Amino acid sequence: MGATLGQIAKRVGLSVPAVSYALSDDPAKRRQVSRDTVARVMRVARSMGYRRNASATATATGRTNAIALLQSVVGRRSNLPPEMLRGIHDALEPLGMHLILSRLSDERLVDDAVVPKILTHVMADGLLVDYNDEVPQAMLELIRRHRIPAVWLNFKQDMDCVRPDDFGAGEMVTRRLIEAGHRRITYLQLLPLSHYSGADRRSGYESAMRKAGLPIRMIVSPEYMPMGERVNMLATMLRDADRSTAFVAYGEEAHSAVLAAMKVGLSLPRDLSVITFAGEAGRRDAAQLAFAVIPEHACGKVGVEMLLRRIEKRRAAPVPTITLPFDFHAGATFGPAPAGSSRKSR
């Protein structure tokens, strides 16, 4: 038999009401004690084998003490990096809440008979929506119309969304290159992309270049280009007398740029700087490319916090979108412009 509230209270040195508040499914009651107290009581309760009757609690409070992570069955439409999942866990764990994974087809997500009952179907109080590319418009409209507590991760809209500031990141890394003396900076995007981050990073680069009065150089391909073709094309560019001294690469194009530089005998970062955008795990990469660090952990954590506010005030207006800044990892491919290259390009 599991521990009682009185036994837990004795172990942690708190009153029974305080322990009851800490273990409550009601957010208003949990706020009566500190987050540290909630986490401590949860740890002790688990170690003592305390178990709540989830069904009885849900019936009594109308809450399941769980949120659902909603994903598409089409892989490319959902993207949840491990650090973002860790951020979700780190926000839920101190509150004793659970995460439920739910993958639904587009047909069900645009069905007016399914969406209003989605929380009952997945047995959750709200939705974290990890559906961030090629989102059906009908799905958006149904979730809004039926006032379902939902927060979108890494998706671009004005309300109920948390996302990285890709525009700001594109502007930030370009500005760092300019401040390091680079004047011939090229933006690379050599893969087809419909996610908003492609346009936003590119626009950030353009903004920084315009503010500095520098010519915009971009290579943006609407179709996928194999690695060998990319390397050969960039190598040809780097042999030009007016070659770029720096590349801002959307993603994997950075590796092609490094290989192209090696092919023509350029040294990084002495002759060429390359900066890209990558997740937080990239800090452990031995290659140490310079990159803007996508705030994945914060995105998951803030997404949960936003959703809990929506759940507490279910009929309230949607909450404004939060954009999170990128950090910068200088790595081994970022350096000052080569001597004599700081003149403005034609």
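Student: What does the C-alpha trace of the protein chain span along its principal axes?
Tutor: The model is predicted. Its protein chain holds 14 helices and twelve strands. Along the principal axes, the C-alpha trace spans about 80 × 50 × 35 Å.

Student: What percentage of the 346 residues are buried?
Tutor: The accessible surface of the protein chain is about 16,200 Å², and carbon and sulfur atoms hold 53% of that area. A residue counts as buried when its relative accessible area is under 20%. Of the 346 residues, the buried share is 52%.

Student: For contacts with a separation of 6 or more, what share comes from residues 24 or more positions apart?
Tutor: A contact here needs heavy atoms within 4.5 Å. Among contacts in the protein chain with a separation of 6 or more, the share from residues 24 or more positions apart is 72%.

Student: How far apart are the mean positions of the positive and negative charges?
Tutor: The protein chain has 48 positive and 36 negative charges.

Student: Which helix does the chain pass through between β8 and β9, and what is the hand of the crossover?
Tutor: The two strands are parallel. The path from β8 to β9 goes through residues 253-263 as a β-α-β crossover. The helix is α13, and the crossover is right-handed.

Student: Which residue of β10 faces T276?
Tutor: β9 also pairs with strand β10, residues 290-293, in the parallel sense. Four bridges make up that pairing. The residue of β10 opposite T276 is F291.

Student: Which elements do the buried residues of α13 pack against?
Tutor: The buried residues of α13 include A257, V258 and A261. V258 touches L268 and L289, leaving out residues up to four places away in sequence. For the helix, the packing partners of the buried residues are β6 (185-189), α12 (227-238), β8 and β9.

Student: How far apart in space are V258 and R11?
Tutor: V258 lies in helix α13. In sequence, V258 and R11 are separated by 247 residues. From C-alpha to C-alpha, the distance is 58 Å.

Student: Why does S102 count as buried?
Tutor: S102 is in strand β2, residues 98-104. Apart from neighbours within four places in sequence, S102 is in contact with L69, L70, Q71 and V122. The cut-off for buried is under 20% relative accessible area. S102 counts as buried because its relative accessible area is 7%.

Student: Which residues of β3 point the other way from L127 and V129?
Tutor: In a regular strand, side chains alternate between the two faces of the sheet. Strand β3 covers residues 127-130, and all four are buried, with L127 and V129 pointing one way. Pointing the other way are L128 and D130.

Student: In β4, what is the bridge partner of L128?
Tutor: β3 pairs in the parallel sense with β1 over four bridges, and Q71 stands opposite D130. β3 also pairs in the parallel sense with β4, residues 150-153, over three bridges. β3, helix α9 and β4 form a right-handed β-α-β unit. The partner of L128 in β4 is V151.

Technical notes:
Residues are numbered from 1 along each chain as its sequence is written. This is a predicted model: local features need pLDDT of at least 70, side-chain atom pairs count only at pLDDT 80 or more; totals for chains, interfaces and linings use all residues. Side-chain values use heavy atoms; hydrogens and water are left out. Two strands pair if DSSP finds at least two bridges between them. A crossover is right-handed if, with the strands pointing away from the viewer, the path from the first strand over the helix to the second runs clockwise. Buried means under 20% relative accessible area, exposed over 50%, partly exposed in between (1.4 Å probe, protein chains only). Accessible areas come from the Shrake-Rupley method with a 1.4 Å probe; for residues, only the protein chains shown count as cover. Lys and Arg count as positive and Asp and Glu as negative; His and the chain ends are not counted. The place of a charge is taken as NZ of Lys, CZ of Arg, CG of Asp or CD of Glu.
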